[in-house]
Amino acid sequence: MVASSEDAVVIQAAKRAGEPTVITVNCPDQTGLGCDLCRAILDFGLCITRGDISTDGQWCYLVFWVVPRPASSNIQWPSLKNRLLSLCPSCSIPFYFDMVNRPTSSQMYLLKLFSIDRKGLLHDVTKVLCELELAIHRVKVSTTPNGRVVDFFFITDAMELLHTKMRQDDLCERLNAVVIGESVNSCEIELAEGFQQGFSSLPPVVAEELFKQEVSGSEVCSLSPSMKRLKKADVNIDNSLSPSHTLLQIHCVDQKGLLYDIMRTLKDCSIQVAYGRFLSDMKGSREVDLFIQQSDGKKIVDPDKQGVLCSRLKLEMLHPLRVMLVNRGPDTELLVANPVELCGKGRPRVFYDVTLALKVLGICIFSAEIGRHTAFERQWEVYRFLLDDSRELPLGSSQARGEVVDGVRRSLMGW
């Protein structure tokens, strides 16, 4: 089977407002491709409302019905198509696909931004970077006593054009435009030679609570009543319907990045998907049916392996992100953590969603940073925000702290 690169990804625009756009991917298969495609779709601020997956192990055919979240988002569809095409194995080479000859990782750049502080500034800057397809890998943000902001963003450019003066000028002009009433005092972009992902140091007690592998009853009790109702999922395995595949059935409440969380978990567990369907109902629930195999091409018949897979999926779906407020001396620190895929990639748009939630809540961010932490034999991406107290939400109040955690969770999960 041969397909031209133009046919590998087809995006059919929605006919009317509110209807989904249909994305079709038809290309050679490779391990983890479904996860990579779902990550890219999530990175563009899109929600997958329905999906069909089919592969024979050599060639795959995937269809995603997607809608912007929020609906007013300005999606760059040509850029999304290019991103998805870049993830598809070349249609002109054999199916085994030479991983050695894949493009090397993108060049890392350091963006230095100096400006006057104001509420919501960090989110507005982050929004510009996302719209320009600039991925944030590490950030160091701080506010000086005289009300000025010093931001250091380590970023990569999905378009691979940040080395050009035109691209750099466009970025600085866009950043200058979001600082309402003031100008960006300085916007500097340079190569980040010798960049290494920072590792976040956390107190042992905090780290144990943040990264624990099972959610405690006390944490569930701390959720708001509406949030508790969302924290339910059914995961079942059936080996009676297919002689060569195991049927994995999932029923849960919809949330942002749900299909990505399922696919990344299966990818990290070396589980292959041969056929799958992802559907929604009118009540906001999701039904997922996946016919799967182990990496050796066999069904999952071992009860212990079945139990481990179901437990892992429940944990990753219900708690893909950890959110907590802790005291850091006299100050309050917001911690958000998500597991890193085995390939080293983190979850898209976490920084964007957290800063948006804090902006909506009217909470100023005094400093922020992104690092990585290893716990329970896996790596985590950790976002740390030192928050300024506010008159509307005094962070010394347990009720206000609960509202902050709830607001951030809802932004991250799309509820």
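Biologist: How many bridges join strand β11 to β12?
Modeller: The model is predicted. In it, β11 covers residues 271-280 and runs antiparallel to β12. The bridges that join β11 to β12 number nine.

Biologist: Which strands stand at the edges of the open sheet?
Modeller: The open sheet has eight strands with antiparallel pairing, in the order β1-β2-β4-β3-β11-β12-β10-β9. Two of these strands have a single partner each, so one side of each is left without a neighbour in the sheet. They are β1 (9-12) and β9 (233-238).

Biologist: Which helix lies across β9, β10 and β12?
Modeller: Helix α3 (residues 77-87) packs on the sheet, but the strands it touches are β1, β2, β3 and β4. The helix lying across β10 (246-253) and β12 runs at about 155 degrees to β9. That helix, residues 303-318, is α10.

Biologist: Which residue has its backbone oxygen 3.1 Å from a polar atom of the Gln-294 side chain?
Modeller: Residues touching Gln-294 include Ile-300 and Lys-305. The backbone oxygen at 3.1 Å from a polar side-chain atom of Gln-294 belongs to another residue on the contact list. That residue is Lys-299.

Notes:
Residues numbered from 1 in each chain as written. Predicted model: local features only at pLDDT ≥ 70, side-chain atom pairs only at ≥ 80, totals over all residues. Heavy atoms only, no water. Polar contact = N/O pair within 3.5 Å; in protein donor to acceptor, adjacent residues only side chain to side chain. Contact = heavy atoms within 4.5 Å. Pairing = 2+ DSSP bridges. Helix = DSSP H or I, 4+ residues; strand = E, 2+ residues; numbered from the N terminus. Axes fitted to C-alpha atoms, helices over the stretch in contact; angles between N-to-C directions. Lists of a residue's contacts leave out its neighbours within four places in sequence.
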